[in-house]
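Here's a quick briefing to read alongside the model on your screen.

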Amino acid sequence: MSIGTVRMAFPKGVTMDGLRQDRILDEAFDKADPLHLMRLFGITAQTAMRYIKAAHPERTAKLPR
């Protein structure tokens with residue numbers, strides 16, 4: 001399948017990267033498990049934690065430095 005065919009299937013302004021990010025964030029809302037995100041999407045621990053923090057800001061502690 002060519003990239004042009006894929007682009008025609010999506011509305012203007014929607015990108016494959018944007019869809020992937022949206023899917024990861026949706027999964028982070030559903031399961032706040034960074035290991036699950038890492039295994040499912042092949043992302044690093046740091047990236048998985050960023051998605052968890054974005055999805056559940058109430059669960060992340062703000063520790064004084």
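Which residues make up the largest nonpolar core? There are nine of them: I24, A28, L37, F41, I43, A48, Y51, I52 and A55. Keep in mind as you look around that this is a predicted model.

**The core**

- The largest share comes from α4, which gives four residues.
- As background, nonpolar side chains in soluble globular proteins tend to be buried together.

**α2 against α4**

- Helix α2 covers residues 16-30 and helix α4 covers residues 45-55.
- The axes of α2 and α4 come within 9 Å and cross at roughly 65 degrees.
- The crossing of α2 past α4 is right-handed.
- On the α2 side you'll find Q21, I24, L25, A28 and F29, and they meet Y51, I52, A54 and A55 of α4.
- Sort the residues of this contact by class and you get eight nonpolar, one polar and no charged.

**α2 against α3**

- Helix α3 takes in residues 34-41, and its axis lies 10 Å from that of α2.
- The two helices pack at an angle of about 150 degrees, and because angles over 145 degrees count as roughly antiparallel, α2 is roughly antiparallel to α3.
- Here, too, the handedness is given: α2 passes α3 in a right-handed crossing.
- From α2, the residues R20, R23, I24, E27 and A28 meet H36, L37, L40 and F41 from α3.
- This contact has five nonpolar residues, one polar residue and three charged ones.

**α3 against α4**

- The axes of α3 and α4 come within 9 Å, crossing at roughly 120 degrees.
- That angle makes α3 oblique to α4.
- If you check the handedness, α3 passes α4 in a right-handed crossing.
- The contact brings together P34, L37 and M38 of α3 with A45, A48, M49, Y51 and I52 of α4.
- By class, the contact of α3 with α4 has eight nonpolar residues, with no polar and no charged ones.

- Is H56 buried or exposed? H56 is buried, because its relative accessible area is 10% and anything under 20% counts as buried.
- You'll find H56 in the segment after α4.
- Apart from neighbours within four places in sequence, H56 is in contact with A28, F29 and A32.
- H56 and R23 are 33 residues apart along the chain, and their C-alpha atoms are separated by 15 Å.
- Now try Q46, which is found in helix α4 and is exposed, with a relative accessible area of 55%.
- From Q46 to L35 is eleven residues in sequence and 11 Å in space, C-alpha to C-alpha.
- Last up is A61, in the segment after α4.
- With a relative accessible area of 62%, A61 is exposed.
- How far is A61 from R7, going by their C-alpha atoms? The separation is 40 Å, for two residues that are 54 residues apart along the chain.

Notes. Residues numbered from 1 in each chain as written. Predicted model: local features only at pLDDT ≥ 70, side-chain atom pairs only at ≥ 80, totals over all residues. Heavy atoms only, no water. Axes fitted to C-alpha atoms, helices over the stretch in contact; angles between N-to-C directions. Left-handed = near helix turned anticlockwise from the far one by under 90°. Contact = heavy atoms within 4.5 Å. Nonpolar A, V, L, I, M, F, W, Y, C, P; charged D, E, K, R; others polar. Parallel < 35°, antiparallel > 145°, perpendicular 65-115°, else oblique. Core = buried A, V, L, I, M, F, W, Y, C linked by side-chain atoms within 4.5 Å. Buried < 20%, exposed > 50% of the residue type's maximum accessible area, 1.4 Å probe, protein only.
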